[in-house]
Amino acid sequence: MAMTRQNAAPISGGDPDPVTEAVDLICGRYGDRPDALIEMFHDLQDGLGHVPETALKPIAKRLNLSRAEVHGVLSFYHDFHTKPVGRVVVKVCRAEACQSMGALPLIAQICDRLGVGLGSTSAGGSVTVEPVYCLGNCALAPAATVGGVLHGRVDAERVAALVTEMTGEAG
Amino acid sequence: MGVVVYVPKDSASLSVGADGVAAAIQLEAVARGVEVTLKRNGSRGLFWLEPLVEVETTEGRVAYGPVSAADVPGLFEAGFLSGGDHALAHGPTDSIPYLKNQERLTFARMGVIEPLDLRAYQATGGLTGLMKAAGMAPEAIVAEVTESGLRGRGGAGFPTGIKWKTVGEQPEPQKYICCNADEGDSGTFADRMIMEGDPFALIEGMAIAGLAVGATEGYVYIRSEYPHAIATMKAAIGLMRAAGYLGADVAGSGKAFELHVRRGAGAYICGEESSMLESLEGKRGMVRAKPPIPAIAGLFGKPTVVNNVLSLAAVPTILAKGAAFYQDFGVGRSRGTQAFQLAGNIKHGGLVEKAFGLTLRELVEGFGGGTATGRPFRTAQLGGPLGAYVDDDMLDIEMDYESLAAAKAMLGHGGIVVFDDSVDMAQMARFAFEFCEIESCGKCTPCRVGAVRGKETVEKILAGREVAKNIALVEDLCEVMTDGSLCAMGGLTPMPVLSAMRLFPEDFDRAPAQAAE
């Protein structure tokens, strides 16, 4: 199995591209341990906003895994995006505790106000709205995160205001 | 040093503006020329009162809440720094009935100290258990935990001591302690509170487990939705290592125990222990077939203790105060205390640690004060998204493993999600299948395909199409999923579905869609 990978050619003749550079830095941080693959994806996404497809090959090479294995892990976990997302990501909880406090109509209102469908990014690329299943704030439902910051007892108006604050654009 | 004021930094408190309140207090203090020492504690778990500000007075700590930044000048005006009266005042914190009526063992320190203050941890009884364990034979530690009657608080309720014994008896030199902190059940937040508010207790419990079974390495698998818990745990591990309670020589025992934090990535299934182990190995979180059990072949194929946060965090108390002390709480085969989490449509949502055996009514009506909306109570889902719904008539059920099982419900991780009478139970049954569809790892067919077919069939019921026939079909499907799934994801998804159909048949009796229109 490892034989085929030894033949992997360098990405290009010149300077390594930024994705490969990030992969080298991050994999090195974890000593190229395959069990740290999920941590590596997190670090990549924290740095680049998403985990680009072009990262799979260099990761596979460094960790001595097949590209398919790396892809398999990446695609299993809901957290990871393989395409760029909005500048602000809104995650609204639609698990039971939040539903008991009106999460489903809330999600519809939020999408309406921000002009974006659930699970997609607005046309200008400013905001992405995603569902999430439990943020651990179930006594202060409904809950949502805006730009990674948790908010409790939210309504659509507040979420839209927070988004506007972060993007500098009207929602 | 000035007056000590506490403003929690638990993420629930932060989610309703605790940082803004803390800043406002500091600003106002400077403006008024009074000296205030701000401390950032964990949450007491009275979430409807968050941000709950406490002031240390000569008569002890007094509480104000829910405080907004705008309330701060008024609080200064009312003399809250000396316990002055105010519309938001609740008097001495320890006398608030919600808190006073609890039996806090694992959560005794919760909200009392600053989470990363090791000296305060020790001053409030921390590390006593670990110091004791360091001088004990491993078998004696295991025996103490077994005698305490502690059972897995993650949901399965397996006796912790028996699990430890099995791992301890394995001849393999390399063993692991893995803490399952992938608290994905809706309606639960107790693990998060421990990791954010009293992280040393969990670390101490894990170190004791390491000494007990001869494991030299441990992992805490924390869901990515808990960034504050991840940061606090990492910092706490560093402090414990620097103080000699982790590392090459744990608490002078001559034994090593090293601890690492790993982030989850938004997969509910990784709360299932074998799926979590796969994820810890950097793989897809696919459930493993058992046997072998993780105690024999777990992480990297080595004998592994997998325990929930609450199980491990209960251990320091058991070692410090003895098995008999812990045993004394509870009923029947459910010993000790349970961290009940009141969530959803409930007036007084929060954490209630009580001995097993109180009734659901005492929790929902007594502590919880009924629904948040003020509408009539309709149902509560117990034990997370795979737990049963209950109705009015079941409110007098005793909250312990056996009584709940007898009532076709389960305790799970202790979450209680309350719904008012506006809930549509057929929609909740549909959601149970949908959730299983989204979160199934896909390894076994009853779960992977059953969830999809179940959702579709409930949708037919919702549309009023061949209702009786489709209800029978769902029941049949549930039997297959219960009997044929590899793990609790597919195996227990029928629990919310069947309980909803059994207790609320009227919600499933849909009229056919108005095709004529």
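User: In this predicted model, which residues of helix 8 of chain B meet helix 10 of chain B?

Analyst: B:Trp164, B:Val167 and B:Gly168 do. Across from them in helix 10 of chain B are B:Ala209, B:Ala212 and B:Val213.

User: What makes the residues of this contact divide into nonpolar, polar and charged as they do?

Analyst: Five are nonpolar, one is polar and none is charged. Trp, Val and Ala count as nonpolar, while Gly counts as polar.

User: How do you know whether B:Asn308 is buried or exposed?

Analyst: Its relative accessible area is 9%. The cut-off for buried is under 20%, so B:Asn308 is buried. B:Asn308 lies in strand 9 of chain B, residues 304–308.

User: What makes the pairing of the B:Asn308 and B:Asp191 side chains a polar contact?

Analyst: The distance is 3.0 Å. The limit is 3.5 Å between N or O atoms, with one able to donate a hydrogen and the other to accept it. Beyond its neighbours within four places in sequence, B:Asn308 also has contacts including B:Arg153, B:Cys179 and B:His413.

User: How many residues does each chain bring to the contact, and what area is buried?

Analyst: Chain A gives 39 residues and chain B gives 56. About 3600 Å² is buried, 54% of it from carbon and sulfur atoms. A:Phe76, A:Glu96 and A:Tyr133 supply 19% of the area that chain A buries against chain B, more than any other three residues.

Notes. Residues are numbered from 1 along each chain as its sequence is written. Chains are lettered from A and ligands numbered from 1 in the order in which they are written. This is a predicted model: local features need pLDDT of at least 70, side-chain atom pairs count only at pLDDT 80 or more; totals for chains, interfaces and linings use all residues. Side-chain values use heavy atoms; hydrogens and water are left out. Helices (H or I, at least four residues) and strands (E, at least two) are DSSP runs, numbered from the N terminus. Buried means under 20% relative accessible area, exposed over 50%, partly exposed in between (1.4 Å probe, protein chains only). Contact means heavy atoms within 4.5 Å. Buried area is the accessible area (1.4 Å probe) that two parts lose on being put together, summed over both.
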